[in-house]
Amino acid sequence: LTLLWCSLVCQAFAQEEEPLSPGDSVYAQVRSQMGAGNLDSAYFLLELAKSTYRNEKDWEGMYQSTQGLMFISWRKGNTDKAFSFIDSMLLIAGMKGIEPDERAEMLGKAYGYGGVFKAGQGHYTEAINNYEKAIGQFKAMEQMDSVSLATQWNNLANVHSDRGDYEKAQSCFEQTLALLEGNFKRLDVRASALNNLGQIKYRLEVYPAAKAYFLRAFNLYQAYARSQGSKNFGYSENFTVACNNLGKTYLQLNQLDSSAFYLELARNTQVTRKLTRQQPLTNLFLGQLYLKKGKTDQGIATLEKGLQQAIEQFELPNTYVARCYFSLAEAKKNQGELQNALNLYLKSSEALVHRPLNNGLPENQEDVASEMELLKTLTAKAELLWQLYQKRMEKAFLEEAFRHYQFIDELILNARQSYLEDNSKHYLAEKSHEIFGRAIRVAATLFRENGEQKYLEAAFAFMESNKATALLESLKENEARMFTRLRETARGKVLLREEE
């Protein structure tokens, strides 16, 4: 989101000086107000510019003013108002007298912005639809705008990545890089694509490869700064993104000094340039760094600061907010504050759904904004419920863990069905192996305590979900013996043949 909007600011408010019409005269004042950070004044002037351009029947100027109104509305957190301006942009693009290429560009940009908002709200199917429409419009141009087209491929890739379909995301990122081959003026867009390829490797936990991509992106951002001027707003935002990514990757590689260097660089840039959008993530990673260094109090305080910043900046559902809650939950769990950790995992789950939870879980799959993020949170919460059961021997914790694993089973199945590429499904299967092993342990314990057939059947259902062979091997010998009776049934014999 940050990368796209930085590009938008540059496009909307850094135009070449030309002989000024009445509308252009007003719009010139907008640029100075934006440069000074006076959003309210800029908004008023944009409304005036839009009205003036309408009277002049200058549709390009009217479109550009509406685009600026949309940007400020989004920046101030009024997403509904921003959506209404996107609708206006689509209507303006349909006005008579607009050249075909200009019309296609207008439509492409409007659909692209719609995709950004839908992705930010976790409506990934709608976001994909918008990005594909944008790509279609830019492809239809006689004089194709390769940078704008590359940007849409880049954004489409981000959605696939957020859904966990990493192979499809990588294919889209490669389209971005191919379109920008030899384009040395827009090093920032190339850097964005490399940065996002690094994100895929990071999520796949291939940290050395992630570091290589992030370093290339970091170097390209610096080269872009030398060509454009380091005070450029877009450069500063992108630079902090690159620093955060390197900081979190070195953190995973346990290279703590390198991690600290890049995270401090990100924080200093934010303070100097008065940037806010990346602050929650910077504090999230710094908090994790302090915890790894054994500075527990400082780590938790920094995580809490990042969480507060995320809550103030972003509408829910939002993965930044969820990640801050999750990291705090992990820290509290490691300190032995299990009940506090449980409450924080619940907060993390609430930040990832479109409607209120029902007894700690979403009502249905359609409410989930980010399947992979929620899978991580619910899995950690279910394991903590198991730990609480072992500590207190209260069956309510065990039953609650079982209920969570049932929803996790559905979540994984839904994710598998929605992914388009086999490699992404294989990655999910690898991550699921340990999850289902724990689910079987919970079901087996409940069967041992209650003797109810439904828990025995649930254990076998978990086995089927993860392909019986792999899961049966993970059972302890005494737990495996519990299923001897079921193996004698018709269903059990089928599973036994599969195992053999």
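Which residues is Thr 249 in contact with, leaving aside its neighbours within four places in sequence? They are Tyr 202, Tyr 207, Ala 210, Lys 211 and Phe 214, where contact means heavy atoms within 4.5 Å. Thr 249 itself lies in helix α12. Helices here are DSSP runs of H or I, at least four residues, numbered from the N terminus. At 0% relative accessibility, Thr 249 counts as buried; that word means under 20% relative accessible area, with exposed over 50% and partly exposed in between, for a 1.4 Å probe and protein chains only.

Some ground rules before I go on. This is a predicted model, in which local features need pLDDT of at least 70 and side-chain atom pairs count only at pLDDT 80 or more, while totals for chains, interfaces and linings use all residues. Residues are numbered from 1 along each chain as its sequence is written, and side-chain values use heavy atoms, with hydrogens and water left out.

Next, the loops. Most residues other than glycine have a negative phi, and most peptide bonds are trans. Glu 205, in the loop between α10 (187-203) and α11 (207-228), has a positive phi, near 65 degrees. Glu 205 is partly exposed, because its relative accessibility is 44%. Asn 254 sits in the loop between α12 (233-252) and α13 (256-273), and its phi is also positive, near 60 degrees. With a relative accessible area of 53%, Asn 254 is exposed. The peptide bond between Leu 316 and Pro 317 is cis, with omega about 0 degrees. Pro 317 belongs to the loop between α15 (296-313) and α16 (319-334).

Now α3, residues 39-56. Its 18 residues should span 26 Å at 1.5 Å a residue, and the end C-alpha atoms are 25 Å apart, which agrees; the expected span is 1.5 Å times one less than the number of residues. Buried residues of α3 include Ala 42, Tyr 43, Leu 45, Leu 46 and Ala 49. After α3 comes Lys 57, with a positive phi near 55 degrees.

Two helix pairs are worth a look on the screen. Axes are lines fitted to C-alpha atoms, for helices over the stretch in contact, and angles run from 0 to 180 degrees between N-to-C directions. The axes of α14 (residues 279-292) and α15 come within 7 Å and cross at roughly 165 degrees. The two helices are therefore roughly antiparallel, a label for angles over 145 degrees. Among the residues making the contact are Leu 284, Gly 287 and Leu 291 of α14, and Gly 299, Leu 303 and Gly 306 of α15.

For α16 and α18, the axes come within 11 Å and cross at roughly 20 degrees. That makes α16 roughly parallel to α18, the term for angles under 35 degrees. Residues that meet include Phe 326 and Glu 330 in α16, and Ala 380 and Leu 384 in α18.

Last, the cores. A nonpolar core is a set of buried Ala, Val, Leu, Ile, Met, Phe, Trp, Tyr and Cys residues joined through side-chain atoms within 4.5 Å. How many residues has the largest one? It has 66, and those with the most contacts inside it are Phe 402, Tyr 405, Ile 408, Val 442 and Phe 462. Helix α18 (residues 371-392) gives the most to this core, with 10 residues. Apart from it lies another core, of 33 residues, including Phe 83, Ile 92, Leu 107 and Ala 110.

Methods. Angles under 35 degrees count as roughly parallel, over 145 as roughly antiparallel, 65 to 115 as roughly perpendicular and the rest as oblique.
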